[in-house]
Amino acid sequence: MRFPELKEAKFKKRLNRFVGLIELEGKDYTAYIRNTGRLKELLFEGNKVYVAKRKEGKHPFEIVLAEFKDYLVCIDSHIAPKLYAEYIKVPVSFEPTFGDKRFDLLLGHRPVEVKSVNLVEDGIALFPDAPTERGRRHIEKLIELSREGYEPLVVFVVQREDCRAFSPNWRVDPKFSEALLKYVKLGLEARAYRCSVSLEEIKLKDEIPVEALP
């Protein structure tokens with residue numbers, strides 16, 4: 001997936017979950033953050049970020065990438081399903097609904113939930129970085145659908161390259177982690193992939209192991 005033209009900026013502070021203050025070419029601007037995670041290791045005062053100009057909305061820019069040491073991290077959580085769809089190169093439907101739950105993709109008859117992962121600690125990609133009731137309910141619904149004959153799939157797209165494996169974040173959200181562990185122990189499929197990220201594009205690079213145990 002190609003990025004629009006990006007400009008280098010300095011992150012100043014987070015105004016709320018969806019808006020940050022940046023400094024670009026000596027001026028301060030508000031910038032949209034398309035991610036509800038905490039992102040504390042990425043969005044801190046003085047860190048280098050890369051922003052895209054927005055065509056609409058009250059915030060003139062959107063933060064797309066943030067630097068972490070020698071790596072770039074994409075913080076746009078909405079693109080994860082599209083990245084996975086690009087990678088598998090087969091027809092999919094987006095946002096299928098099963099009962100009162102909407103998932104990211106329908107792959108044949110398989111409901112697929114795709115999670116965007118931004119946090120990495122000691123080489124392990126972790127999700128979530130903030131408690132997610134919605135995420136837990138989605139896993140529980142997939143377990144329910146498996147009993148109805150469906151073959152669900154959970155995909156974790158790590159939108160950075162500096163990781164060797166994935167694990168649920170037991171410290172931050174034990175309830176989600178327990179749900180995922182139950183899902184895996186039932187023999188249901190969970191996959192994780194890391195991405196290669198540059199200033200021009202992001203794409204899935206390769207699959208990494210899923211480690212569900214604490």
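UniProt, in an unreviewed entry, places the feature "domain: Sugar fermentation stimulation protein C-terminal" at residues 92-200. Such positions follow the numbering used here, feature names are shortened, and annotations may be inferred rather than shown by experiment. The model is predicted: local features need pLDDT of at least 70, side-chain atom pairs count only at pLDDT 80 or more, and totals for chains, interfaces and linings use all residues. Residues are numbered from 1 along each chain as its sequence is written, and side-chain values use heavy atoms, leaving out hydrogens and water.

Residues 92-200 are 24% helix and 39% strand. Helices (H or I, at least four residues) and strands (E, at least two) are DSSP runs, numbered from the N terminus. Six strands form an open sheet with mixed pairing, in the order β7-β10-β11-β14-β16-β17. Its edge strands, β7 (93-94) and β17 (202-208), each pair on one side only. Two strands pair if DSSP finds at least two bridges between them. Strands β14 (residues 153-158) and β16 (residues 189-197) run parallel, joined by six bridges. Val 154 has Ala 190 of β16 as its bridge partner. Helix α3 (residues 174-185) packs on the sheet and touches β14 and β16. Contact means heavy atoms within 4.5 Å.

The lining of the largest pocket divides into 15 nonpolar, nine polar and ten charged residues. Ala, Val, Leu, Ile, Met, Phe, Trp, Tyr, Cys and Pro count as nonpolar, Asp, Glu, Lys and Arg as charged, and the others, Gly among them, as polar.

Terms used: Axes fitted to C-alpha atoms, helices over the stretch in contact; angles between N-to-C directions.
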